[in-house]
Amino acid sequence: MDILNEPITQVFLYALLTAVATGLGAIPFFFIKDISDSLLGKSNAAASGLMLAASFSLIMEGYSIDQWMTLGGMLSGVIIVVLANKWMEGRAEIEITDIASGKRMAMLMFLGIMTVHSFAEGVSVGVSFASTMEFGVFIAIAIAVHNIPEGLAISLVMVPQGTSPLKAVWWSIFSSLPQPLMAIPAFVFVEVFQQYLPLGLGLAAGAMIWMVFADLIPEALEKCEPKKVGLWVTLAILAMSAFQILIGH
Ligand SMILES: [Zn+2]
C-alpha cells in the first residue's frame with residue numbers, strides 16, 4: 001500500500017476526484033428533466049468566480065517565489081490556450097463531414113472544448129501540488145467544486161436530447177478526464193525543474209483567466225442577467241477566500 005502514499009499517486013487521486021466531481025452535476029437529472037436557465041446561469045457564474053479566485057491564488061503563490069517568472073508564465077498560458085482553442089475549432093469543422101447528426105456534432109464540439117478547458121485545470125492542480133501538498137489540496141477542492149456546475153451544464157445539453165442521466169454522469173466525468181492526465185506531467189515537470197514552479201503557476205492562472213472570460217462568463221450571460229452574474233461571481237470569490245482563511249493557508 002506504499003504506492004498510495006507516493007506524492008505522484010496522491011496528485012493523480014486528487015485530480016481524479018476533481019474529474020469525478022463533474023459527474024455530480026448530472027445527479028439532479030435523475031429526479032428532474034430540466035433545470036431553469038437562471039439557475040444554470042448562476043451556477044456558471046459561481047464556477048467562474050471559483051476559477052478566478054483559484055487563478056489569483058496561483059499568481060500569489062508564484063509571486064512569493066518570482067514575480068516576473070509568474071508573469072512570463074501567465075503570458076505563455078494565455079498563448080497556449082488561445083492557440084489550443086483555435087486548433088480545436090479548426091478540427092471540429094473537419095469532423096463535421098464525418099458526423100451525420102447535427103446534434104451529435106454539437107455534443108462532440110462541446111466535449112472537445114471542455115477538454116481544452118480541462119487541460120488548464122489539470123495543469124493548475126499538478127503545479128499546485130508541486131508547490132506544497134496543502135496548496136495542491138486547496139486548488140484541487142476549488143476545481144472540484146467548480147466542476148459540479150460544469151457537469152450540470154453538460155447534462156443540460158445531453159439529457160433533453162435523450163441521453164440517460166447515468167450516461168450524462170459518465171460523459172461529464174469523461175469531459176474532465178484530461179484533468180488527472182494533465183496533472184501528472186505538470187506535477188512531474190515542476191518537481192524535476194523546481195526553479196520553473198512560478199512559470200507553471202502563472203501558466204495555469206493565465207490559461208484559466210482567459211477561459212473564464214472567453215467561455216464561462218458568456219455562457220452565464222446567455223442564461224442570466226449581468227447584475228446576477230456579477231453577484232454570483234463575487235459571492236463565489238468571497239466564499240473561496242473565506243475558505244482559504246479558514247484552512248489557514
Ligand atoms: Zn472548468
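Which residues have the most contacts inside the largest nonpolar core? They are Leu-58, Val-125, Val-127, Ile-139, Met-208, Val-229 and Met-240, in a core of 48 residues. This is a predicted model, in which local features need pLDDT of at least 70, side-chain atom pairs count only at pLDDT 80 or more, and totals for chains, interfaces and linings use all residues. Residues are numbered from 1 along each chain as its sequence is written, and side-chain values use heavy atoms, with hydrogens and water left out.

**Nonpolar cores**

- A nonpolar core is a set of buried Ala, Val, Leu, Ile, Met, Phe, Trp, Tyr and Cys residues joined through side-chain atoms within 4.5 Å; buried means under 20% relative accessible area, exposed over 50%, and partly exposed in between (1.4 Å probe, protein chains only).
- Among the elements that give two or more residues to the 48-residue core are helices H2 (7-24), H5 (102-131), H6 (133-158) and H10 (226-246).
- H9 supplies the largest share of this core, 13 residues.
- Helices here are DSSP runs (H or I, at least four residues), numbered from the N terminus.
- Beyond its neighbours within four places in sequence, Ile-139 is in contact with Ala-54, Ser-57, Leu-58, Ser-124, Val-125 and Ser-128, contact being heavy atoms within 4.5 Å.
- A second, separate core has eleven residues, including Ala-26, Leu-40, Ala-153 and Ile-173.

**Aromatic pairs**

- Rings of Phe, Tyr and Trp (its six-membered ring) pair if their centres lie within 6.5 Å; planes under 30 degrees apart count as stacked, over 60 as edge-to-face and the rest as tilted.
- The count by this rule is seven aromatic pairs.
- One of them, Tyr-14 with Phe-129, is tilted, at 5.4 Å centre to centre and 35 degrees between the planes.
- This pair links distant parts of the chain, with Tyr-14 in helix H2 and Phe-129 in helix H5, 115 residues apart.
- Tyr-14 is partly exposed at 28% relative accessible area, whereas Phe-129 is buried at 3%.
- Phe-135 and Phe-138 have ring centres 6.3 Å apart and planes at 35 degrees, so this pair is tilted too.
- These two residues are three apart in helix H6, and therefore separated by about one helical turn.
- Phe-135 is buried at 0% relative accessibility, and Phe-138 is buried at 1%.
- Phe-135, Phe-138 and Phe-243 form one aromatic cluster.

**Surface**

- Trp-170, in helix H7 (residues 165-176), is exposed, with a relative accessible area of 57%.
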